[in-house]
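Please consider the chain shown below together with the account that follows. The text begins with a single residue and then widens to the rest of the fold.

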Amino acid sequence: MGWPELVTLGDSLLENATTKQIAAIKLKIDTRKWIIGKRLPKVYGDAPTALHVNTTTTNFLVVTEQRQREIQERTRRLSRRRRLSTEVSTAPPFARACDSWLQNMLHYQGVV
């Protein structure tokens, strides 16, 4: 029993078939489909209605304590620089230019 038998059953239906004949053939086909699906579920079984995928990704970055301190210090310097730039933005243009020059000098000297 397989899908060729189902095709043969469907093709055996006459063009002028009555509603009862169509229902009988449909029942035979559906019954065979159900049996085939139960006997060979991997080949002819129903597809799953919902696919639930539960994935958890955890990424760890392993750094030495020295590298962690360097990252923290760089973060502090950047946040300090960001605070300075926001404070200066309300100042007159000349003051902003002077402060920008001072920040660049401190940055190149490694202070900030």
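Predicted model: local features only at pLDDT ≥ 70, side-chain atom pairs only at ≥ 80, totals over all residues.

Asp30 is placed in helix H2. Its C-alpha atom is separated by 8.9 Å from that of Leu6, although Asp30 and Leu6 are 24 residues apart along the chain. Asp30 also takes part in a network of salt bridges, in which it is linked with Lys26 and Lys33. In general terms, side chains of opposite charge can pair when their charged atoms come close.

The setting of this residue may now be described. The chain contains five helices and zero strands, so that the order of elements from the N terminus reads α-α-α-α-α, where each symbol stands for a helix because helices are taken as DSSP runs of at least four residues. Of the 112 residues in the chain, 11% are buried.

The loop between H1 and H2 includes Ser12. Ser12 has a relative accessible area of 43% and is therefore partly exposed. The C-alpha atom of Ser12 is 8.8 Å from that of Ile25, with 13 residues separating Ser12 and Ile25 in chain position.

Which residues lie nearest the centre of the largest pocket? They are Lys33, Trp34, Gly37, Tyr44 and Asp46, out of a lining of 10 residues. Helix H1, residues 3-11, and helix H2, residues 19-39, are the elements that give two or more residues to this lining. The largest share comes from H2, which supplies five residues. By residue class, the lining of the largest pocket divides into five nonpolar, two polar and three charged residues. The space in the largest pocket amounts to about 190 Å³.

Val43 is found in helix H3, which spans residues 41-44. With a relative accessible area of 59%, Val43 is exposed, because the threshold for that class is over 50%.

The charged pairs are considered next. How many salt bridges does the rule give? The count comes to five, where the rule requires a side-chain nitrogen of Lys or Arg within 4 Å of a carboxyl oxygen of Asp or Glu. Several pairs are found in helix H4, which covers residues 65-88, and they are taken here in turn.

Arg69 forms a salt bridge with Glu65, with 4.0 Å between the closest N and O atoms. Both Arg69 and Glu65 lie in helix H4, four residues apart, or about one turn of the helix. Glu65 has a relative accessibility of 59% and so counts as exposed, whereas Arg69, at 46%, is partly exposed.

The side chains of Glu70 and Arg67 meet in a salt bridge at 3.3 Å, N to O. Because Glu70 and Arg67 are three residues apart in helix H4, about one helical turn separates them. Glu70 is partly exposed at a relative accessible area of 35%, and Arg67 is partly exposed at 34%.

A salt bridge also joins Arg76 to Glu73, whose closest N and O atoms are 3.0 Å apart. Arg76 and Glu73 both lie in helix H4, three residues apart, which is about one turn of the helix. Arg76 has a relative accessible area of 46% and is partly exposed, while Glu73, at 33% relative accessibility, likewise counts as partly exposed.

The account may close where it began.

Methods:
Residues numbered from 1 in each chain as written. Heavy atoms only, no water. 1 Å grid on protein atoms, 1.4 Å probe; cavity = no way out; pocket = protein on both sides within 12 Å on 5 of 7 lines; lining within 4 Å. Points joined across faces, edges and corners; volume = space filled by probe spheres on them. Nonpolar A, V, L, I, M, F, W, Y, C, P; charged D, E, K, R; others polar. Buried < 20%, exposed > 50% of the residue type's maximum accessible area, 1.4 Å probe, protein only.
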